[in-house]
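Student: Please take a close look at one part of this structure, the aromatic residues and their surroundings. I would like one connected explanation.

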Amino acid sequence: MSESHPTIGIGALARRAGCQPETVRYYEHIGLLHEASRTEGGQRRYGEEAVRRLTFIRHARDFGFSVEAVRELLAMSDRPDMCCDEVDALAKHHLEEVESRLQRLAALRDELQRMLGECAGGKVESCRIIEVLSDHRLCDSDTAHGGAHDLGEPPAARRS
């Protein structure tokens, strides 16, 4: 989709949205940002709509929405006359996921505090933390950590 008056380059767009040019390229590559027009020399040029869209994407990602959820939100925002029930449903679902993560984080915090409280110092050979990490049965709860790795997307998947 070509914008009228595309005047800013990728660096300026990235600065205005608070991200890096690589992030702009990534969002363009996966189709969240419309493909930029190009100068004769091949440089990307963007207009104010790209600034607005990239700012929206960044803000939604800061709120923890997945790339697919952002894609859906963008599609809905492109249809301003549509009822916002679907937007509400998507946001409510995301809130439920956040609440679940918070519960798992609280349990993880509690388990870590318990492990630290049981550590008497001394040598690693008798370290309670090492013992608990080596034997899941010593944890207070199976849900205590449910996989902290499961609390969000891996860093490589969560681009700015």
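**The aromatic pair and the core**

Tutor: The structure, which is a predicted model, holds 1 aromatic pair. Its members are tyrosine 26 and tyrosine 27, whose ring centres lie 5.5 Å apart; their planes meet at 50°, so the pair counts as tilted. A stacked pair would need planes under 30 degrees apart, and an edge-to-face pair over 60. Tyrosine 26 has a relative accessible area of 21% and is partly exposed, because buried means under 20%. Tyrosine 27 is at 0% relative accessibility and counts as buried.

Next comes the nonpolar core. The largest one has 26 residues, and Leu13, Val24, Tyr46 and Leu54 are those with the most contacts inside it. Two or more residues each are given to this core by helix H1 (10-17), helix H2 (21-29), helix H3 (48-62) and H4. H4 supplies the largest share, 6 residues. In soluble globular proteins, nonpolar side chains tend to be buried together.

Valine 24 can be followed in detail. Leaving out residues up to four places away in sequence, valine 24 touches Ile10, Leu13, Ala14, Cys19, Leu33, Tyr46 and Leu54.

H4 also leads on to another helix. The buried residues of H5 pack against helix H4 (67-77) and helix H6 (128-134). These buried residues are Leu90, His94, Ala107, Leu108, Glu111, Arg114 and Met115. Helix H5 itself covers residues 85-118, 34 residues in total, and spans 50 Å from its first C-alpha to its last, close to the 50 Å expected at 1.5 Å a residue.

Methods: Residues are numbered from 1 along each chain as its sequence is written. This is a predicted model: local features need pLDDT of at least 70, side-chain atom pairs count only at pLDDT 80 or more; totals for chains, interfaces and linings use all residues. Side-chain values use heavy atoms; hydrogens and water are left out. Helices (H or I, at least four residues) and strands (E, at least two) are DSSP runs, numbered from the N terminus. The expected span of a helix is 1.5 Å times one less than its number of residues. Buried means under 20% relative accessible area, exposed over 50%, partly exposed in between (1.4 Å probe, protein chains only). Contact means heavy atoms within 4.5 Å. Rings of Phe, Tyr and Trp (its six-membered ring) pair if their centres lie within 6.5 Å; planes under 30 degrees apart count as stacked, over 60 as edge-to-face and the rest as tilted. A nonpolar core is a set of buried Ala, Val, Leu, Ile, Met, Phe, Trp, Tyr and Cys residues joined through side-chain atoms within 4.5 Å.
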